[in-house]
Every structure is written in structure tokens, then in C-alpha cells.
Amino acid sequence: YRLRSAVRDLAKALGLSLDRVDALAAALDVGDGLEDLLTRLAEAGIDSAGDTGTRLMTLVGQLVGFPRHLGQHVGGMVMTRGDLCDLVPIQPAAMDGRTIIQWDKNDLDELGILKVDCLALGMLSCIRRAFDLIESVGGPRLTLATVPAEDPAVYEMVSQADTVGVFQIESRAQMSMLPRLKPACFYDLVIEVAIVRPGPIQGDMVHPYLRRRAGEDPVTYPNAEIRAVLEKTLGVPLFQEQAMRLAVVAAGFTPGEADQLRRAMGAWRRPGLIEAFRQKLLAGMLARGLSRQFAEQVFGQIRGFGEYGFPESHAASFALLVYVSAWLKRRHPAAFTAALLGSQPMGFYAPAQLIRDAKAHGVKVLPVDVNASRWHAALELPKKAEGGRPDAGEQPAIRLGLEQVYGLGESAGMRIEAARTDGRFRLLRDLARRAGLGRESLLHLARAGGLGSLGLDRRRAVWEAMRFLDRPGSLPLLEQLDEGDEDDEDEPCNSVEHLSDRFRLPPMSPQEEV
């Protein structure tokens with residue numbers, strides 16, 4: 001509970017009308033504390049000396065900081081030597097197949113029970129798909145360990161902020177930092193991942209590091225011990241481990257106290273916890289002959305980690321995925337973009353933006369087609385030249401997947417892919433019968449231009465689908481399709497010649513096709 005939510009819930013419980021509850025909540029500012037509540041009650045027209053005001057003041061003080069509701073970590077795993085049910089009640093969670101226990105993580109910590117957070121990253125799935133796509137068109141079989149390291153072309157691309165789709169460094173904030181930092185090796189990527197975070201920014205670490213890296217400011221250290229801690233980052237603590245080691249070597253913290261500091265830094269939703277260490281940190285540094293200016297600067301930097309900073313190990317793990325995804329974008333842009341499209345939703349960019357970026361990098365993008373597309377985007381090799389060899393220097397093209405057809409649905413897409421194993425679709429009725437598609441699915445395909453291989457542009461395809469399925473008094477779709485294959489004047493046909501002769505639909509312009 002924070003102040004506003006505590007006041008709102010207690011005011012409702014004490015019987016205040018909703019309009020008075022809203023007025024009281026609106027009177028509270030984000031930075032208000034318990035000491036400001038008396039004034040805010042008066043502003044909302046509530047007598048703090050009355051029964052309701054007195055109860056509200058008393059109970060709010062007890063409720064602030066108390067857990068408000070059950071929060072379940074999506075990947076939290078509790079591990080014990082024996083059966084967990086012998087220690088704590090276990091109950092079913094809201095999600096099927098999940099269970100929760102009735103203790104929180106702090107209870108587990110006090111009891112010495114191991115809790116592990118198992119997290120997943122969409123980029124891992126994307127990289128796996130990219131490796132499979134590269135192999136599918138005759139490329140090498142790659143793993144995270146076999147991607148060529150320290151490719152200069154990759155760092156050149158990253159330094160130019162050409163990072164749409166690249167893990168962690170595709171945001172506008174990261175793109176603005178990359179040309180200034182100009183990563184040239186793997187550890188530069190580790191720093192890049194960690195530096196654009198609330199902790200380093202709030203702790204005023206970004207600009208000092210950049211100035212020192214550019215040679216504009218000298219790099220100095222108060223003593224050899226602090227140099228050993230901060231030398232890798234030019235005297236600026238960018239990682240949580242550095243903050244902990246500084247507390248030990250500069251302020252005399254014990255390892256246990258340093259671990260408590262780490263926990264305070266990790267509680268970035270409650271940044272005020274670090275303030276409890278202020279006096280001990282400052283006194284310890286002053287006692288070891290460090291200047292007050294340096295001590296205040298270090299504490300300000302450590303306090304910044306309360307706004308969310310990275311451990312170096314975490315940043316290094318992320319940096320590996322940064323490099324691999326950047327390498328894929330530089331060396332295999334078609335496979336990388338196709339893998340991104342198959343891993344949505346993720347990242348900052350919509351599929352249309354990813355496709356536009358791929359085209360800007362020379363990748364050919366082929367449209368969705370019921371006779372060529374799988375559910376996910378795939379690669380197609382260029383057509384062979386007259387001599388029977390692939391065109392030299394050409395990279396594979398991306399064939400957009402059926403998943404890009406708005407409203408189609410995966411089950412319909414998989415039926416199309418499965419039905420195609422018996423041969424290409426020739427007519428609209430052939431597609432509908434073999435894939436078991438209804439009216440809406442056919443219209444979605446028609447509007448997306450997915451019926452081009454049937455000789456239909458989008459306008460004609462929509463018209464044909466509506467003629468075929470929307471006749472008054474017609475039988476249900478599957479019964480229509482079983483009536484026989486003979487065409488007559490009343491039986492719809494998706495022949496382009498037949499359609500253009502009878503209805504003279506104008507062809508679509510290139511702008512309309514796009």
C-alpha cells in the first residue's frame with residue numbers, strides 16, 4: 001500500500017461516498033507522506049477531529065507499506081529438500097496447472113528456503129528460429145556458441161544506431177546513446193545494456209562516463225583499492241556489484257552489510273530503502289580519509305541503483321543476445337526479420353515497421369499467398385538463372401506467413417498449410433473445400449491479397465468470396481461445395497475472365513495494392 005491507495009480503500013471501508021473518496025484521492029499528491037494527510041483531509045472537506053477522520057488517520061498509518069493484494073511471480077520456483085506441502089499450504093492458482101504457497105519471498109528468505117526465478121525471453125525464440133531458417137536454405141548450422149565473435153561490421157552497424165529489431169538496443173533512448181558510446185567490443189555492449197537504465201541515469205553516471213570515454217575528462221581514483229573496483233568502467237560505478245564492492249573497500253561494510261545493500265538496491269520499487277545506509281556509508285568513507293565530496297558522490301550513485309540498475313552478470317548475459325541478434329541482422333537480415341515476425345509480439349516495432357526496415361536493407365519481401373505461405377514467415381531462395389545456378393550475391397527472400405493475415409486465426413492457417421500437401425489450390429472453391437474455410441476466413445485472405453496465385457487481385461478476390469458465399473437462400477458453405485463441380489450461370493466461379501466479362505471490375509492501382 002502507498003498513501004493514496006491506502007486512503008482510497010480505507011475511506012470506502014469507513015463508508016465515505018464515492019465522490020468524497022475521489023475528492024480525497026485527488027487532493028493527495030504523489031510525493032505526499034503521512035504528515036501531509038491532515039492538510040489533505042481538510043482540503044477534501046473531512047473533519048480530521050471527527051470519528052471518521054480520526055479512524056482514517058490512525059488506520060492509514062498502519063496500512064501504508066502493508067501488502068495490498070496477492071502478486072504471483074510468473075516464473076517463481078520454490079525448491080525444498082523434502083515435500084513442500086509438509087511446510088506450507090499449497091493452493092491452486094488462477095492459471096491452470098499453477099500453484100502458489102501462502103508465504104511471500106521475504107518469509108522464504110528468513111527460513112532459508114531457495115527461490116529461483118525462471119524467466120523467458122522472446123529473443124531466444126527469435127534467435128532459434130533464425131538459426132533454423134538459415135539452415136533451411138543451405139546455410140551453416142549455428143548456435144549461440146558458434147556465431148563468429150567480434151565482427152567489426154556488426155559494431156559498425158550498431159555504432160550507427162541501425163538496430164531496429166535488435167535485442168535491448170532498439171529503443172529510441174538506446175539509439176541516441178549508441179553513436180555517442182560507439183561500441184567496439186563485447187564489453188562495450190555490456191556497458192551499453194547497463195548504462196541506459198534509471199539507476200545510472202538518476203545517479204548521474206551517464207555523462208561522466210561518456211566524457212571520460214571520449215577523453216574530455218581525466219580518469220582518477222582516490223586509491224588503489226577503489227581503482228581495482230572501478231577501472232573497467234573508467235571510475236564510474238555502473239553495476240550493482242561495483243556498488244557493493246565500493247561499500248566494502250571504501251566504507252568498511254562487512255560482506256553481510258554489503259548484501260543488505262544489494263537487497264535494498266534490488267528493491268527498486270521502494271527506492272527509499274537505500275537512505276537507511278546513508279550515514280554508515282558517509283561515515284565509513286570519511287573515516288578512511290576520503291573527501292566528503294567523493295563520499296556524497298558515491299552515495300548519490302549508489303542511491304541511483306534504487307531506481308533500477310543492472311548487475312554486471314545480468315548485463316553480460318543480455319549483451320550476448322545483443323551481439324548475436326545484431327550479427328544476424330547484419331549477416332542474415334532476411335532470416336532475422338522472418339524470425340522476428342514469427343516471434344511477435346515482442347520489441348518496440350510492429351510487423352509493418354520490421355518489414356519496411358528489411359526492405360531498406362535490400363531484402364525482398366514476398367506477399368502472403370495461400371499456395372506458398374506457411375503459418376510463420378519463411379525464406380525462399382532466388383530463382384535459378386539459365387545455367388541452373390542461383391543468382392550470385394542474392395540473399396533469400398522473405399515469404400510472409402499466414403499469421404500476418406488479420407483475423408485469420410492459427411487453426412485456419414494450419415488447415416491451409418496441411419491441405420496444400422495434396423497439391424496447389426486452383427480455384428476459390430478448391431481452397432474453401434480442402435481447407436474447410438468459412439466466409440470470414442476467405443474474406444480475410446482476400447482483403448490481405450493472399451489469393452494472388454489463384455489469379456485474383458484483392459478487389460476481385462473480395463468480390464468472388466462474397467458472390468461465392470453470400471447468395472440469398474444458399475445452402476451452408478460445406479453443403480454447397482458438395483453439390484458438385486459443374487458450373488452453370490447460377491454457380492459462382494472464380495475465373496478472372498468470367499468475372500471481368502460480366503462485371504468489368506477495374507484493376508487495382510499499385511497504390512491500392514500496397
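Modeller: Buried means under 20% relative accessible area, exposed over 50%, and partly exposed in between. Keep in mind that this is a predicted model.

Colleague: Is Met 285 buried or exposed?

Modeller: Met 285 belongs to helix α15, residues 278-287. Its relative accessibility is 1%, and the limit for burial is under 20%. Met 285 therefore counts as buried.

Colleague: Which residues is Met 285 in contact with, leaving aside its neighbours within four places in sequence?

Modeller: Contact requires heavy atoms within 4.5 Å. One of the partners is Val 298, which lies 13 residues from Met 285 in sequence and 9.5 Å from it in space, C-alpha to C-alpha.

Colleague: How do the residues of the contact of α6 with α17 divide into nonpolar, polar and charged?

Modeller: The axes of helix α6 (residues 122-136) and helix α17 (residues 312-331) come within 11 Å and cross at roughly 35°, and the crossing is left-handed. From α6 the contact takes Met 123, Leu 124, Ile 127, Ala 130, Phe 131 and Ile 134, and from α17 Leu 321, Val 324, Ser 325 and Leu 328. The division is nine nonpolar, one polar and no charged.

Colleague: How many aromatic pairs does a search of the whole structure find, and what is the geometry of Phe 167 and Phe 318?

Modeller: The search finds four aromatic pairs. Phe 167 and Phe 318 are 5.1 Å apart, centre to centre, with 75° between the planes. Planes over 60 degrees apart count as edge-to-face, so the pair of Phe 167 and Phe 318 is edge-to-face.

Colleague: Where in the chain are Phe 167 and Phe 318, and how many residues apart?

Modeller: Phe 167 is in the loop between α7 (152-159) and α8 (172-181), whereas Phe 318 is in helix α17. Both count as buried, Phe 167 at 10% relative accessibility and Phe 318 at 13%. The pair links distant parts of the chain, 151 residues apart.

Colleague: Which residue has its charged end over the ring of Phe 310?

Modeller: Phe 310 forms one aromatic cluster with Phe 167 and Phe 318. The charged end over its ring, 4.2 Å from the centre, is that of Arg 197.

Colleague: Which residue lies over the face of Phe 253?

Modeller: A charge over a ring has to be within 6 Å of the ring centre. Here the distance from the ring centre is 5.5 Å, and the residue is Lys 280.

Conventions. Residues are numbered from 1 along each chain as its sequence is written. This is a predicted model: local features need pLDDT of at least 70, side-chain atom pairs count only at pLDDT 80 or more; totals for chains, interfaces and linings use all residues. Side-chain values use heavy atoms; hydrogens and water are left out. Helices (H or I, at least four residues) and strands (E, at least two) are DSSP runs, numbered from the N terminus. Buried means under 20% relative accessible area, exposed over 50%, partly exposed in between (1.4 Å probe, protein chains only). Axes are lines fitted to C-alpha atoms, for helices over the stretch in contact, and angles run from 0 to 180 degrees between N-to-C directions. A crossing is left-handed if the near helix is turned anticlockwise from the far one by less than a right angle, and right-handed if clockwise. Ala, Val, Leu, Ile, Met, Phe, Trp, Tyr, Cys and Pro count as nonpolar, Asp, Glu, Lys and Arg as charged, and the others, Gly among them, as polar. Rings of Phe, Tyr and Trp (its six-membered ring) pair if their centres lie within 6.5 Å; planes under 30 degrees apart count as stacked, over 60 as edge-to-face and the rest as tilted. A charge sits over a ring if NZ of Lys or CZ of Arg is within 6 Å of the ring centre and within 35 degrees of the ring normal.
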